[in-house]
Amino acid sequence: SRLSGLRSLVLGEIHLQLAKYHELGRFNTDSEMDKDSALFHLGVAAQLNNAEAIKSLAQIYLQKENDVLPSVTVPDTDENTNKGLDYMMQSAQKGDRASQVFMAQAFETGLGLGTKHSQDWKEAVMYYEMALTGGFGLDKDPSQAGDLYNEAAESAMAEFKGSLATKYFELAEVAWSEMDEEEE
C-alpha cells in the first residue's frame, strides 16, 4: 500500500508537469497553448492528491492568480465558483494555510461562496482553528489565534449575536492563556 501511495504521488507530479508543458505549447507544432489538455492533466494530478494541483485548480476556478498555469482562465460562473470552493476546501484540508484563511474569511463574510454554501460562522471558526492552532501539522500560534477569536467576537457583537460573541471571547482568552503558559 505504501508503494501504491508512492506511485500516486509520482503520477500526480507527472500530470502536474504535463499540465505545465501543455500550457507552454510543448506538444503542439505551432507552440500554441492547449488549455483543455492543461486543465485535464491538472485535474488528474488533483485526483491523485497533488497539493499544488488542487490549490491551482481552486485558484483558477475562483478567478485568482496561480503559479502553475498563469495564463489559463475559465469563465466566471456559479458552477466554476462552486468547483473552485470544493478544491479550496481540499487544499485547506491538506494543510495549506492560505487556503484555510481564504475559506475562513469566505465563511465569516459570506462572500464568494457560490451557490452551494452560505455564511457560516461555525465553519469560519473551524478553518481559522486549522490555520492558527496547529491543526493538520501546523505550528501553534496562540497570540494570533487569540487576536482572530477576538476579531470574530467583535464581528459577532456587531451582528447582535451575543452568545456567539461570548464564545469567541472565551476562546480568545483560552488562546492567550496558552501563550502565557508557553512563556513560563
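Start your tour by selecting L3, which sits in helix α1. Helices here are DSSP runs of H or I with at least four residues, and strands are runs of E with at least two, numbered from the N terminus. Before you go on, note that this is a predicted model, in which local features need pLDDT of at least 70, side-chain atom pairs count only at pLDDT 80 or more, and totals for chains, interfaces and linings use all residues. Residues are numbered from 1 along each chain as its sequence is written, and side-chain values use heavy atoms, with hydrogens and water left out.

**Stop 1**

Is L3 buried, partly exposed or exposed? L3 counts as partly exposed, at 49% relative accessibility. Buried means under 20% relative accessible area, exposed means over 50%, and partly exposed is in between (1.4 Å probe, protein chains only).

**Stop 1: helix α3**

Next, colour helix α3, residues 51-61. Eight of its eleven residues are buried, so α3 is largely enclosed by the rest of the structure. The buried ones are A53, I54, S56, L57, A58, Q59, I60 and Y61. Show the neighbouring helices too: the buried residues of α3 pack against α1, α2 and α4.

Zoom in on A53. Which residues does A53 contact, leaving aside its neighbours within four places in sequence? They are L16, L42, A45 and A46. Contact means heavy atoms within 4.5 Å.

**Stop 3**

In soluble globular proteins, nonpolar side chains tend to be buried together.

**Stop 2: aromatic pairs**

How many aromatic pairs does the structure hold? There are three. Rings of Phe, Tyr and Trp (its six-membered ring) pair if their centres lie within 6.5 Å; planes under 30 degrees apart count as stacked, over 60 as edge-to-face and the rest as tilted.

Select Y61 and Y87, a stacked pair with 6.1 Å centre to centre and 15° between the planes. Y61 is buried, at 11% relative accessibility.

Then move to F107 and Y127, also a stacked pair, with 5.9 Å centre to centre and 10° between the planes. Because F107 lies in helix α5 (residues 97-109) and Y127 in helix α6 (residues 121-132), this pair ties together parts that are 20 residues apart in sequence. F107 is buried, with a relative accessible area of 3%, and Y127 is buried at 2%.

**Stop 3: salt bridges**

The structure holds two salt bridges. A salt bridge is a side-chain nitrogen of Lys or Arg within 4 Å of a carboxyl oxygen of Asp or Glu.

Select D96 and K55, whose closest N and O atoms are 3.2 Å apart. D96 lies in the loop between α4 and α5 and K55 in helix α3, so this pair ties together parts that are 41 residues apart in sequence. D96 is partly exposed at 22% relative accessibility, and K55 is partly exposed at 23%.

For the other bridge, select K116 and D86, with closest N and O atoms 2.8 Å apart.

**Stop 4: two loop residues**

Finish at N49, in the loop between α2 and α3, and Q63, in the loop between α3 and α4. Most residues other than glycine have a negative phi. The phi of N49, however, is near 75°, and that of Q63 is near 65°.
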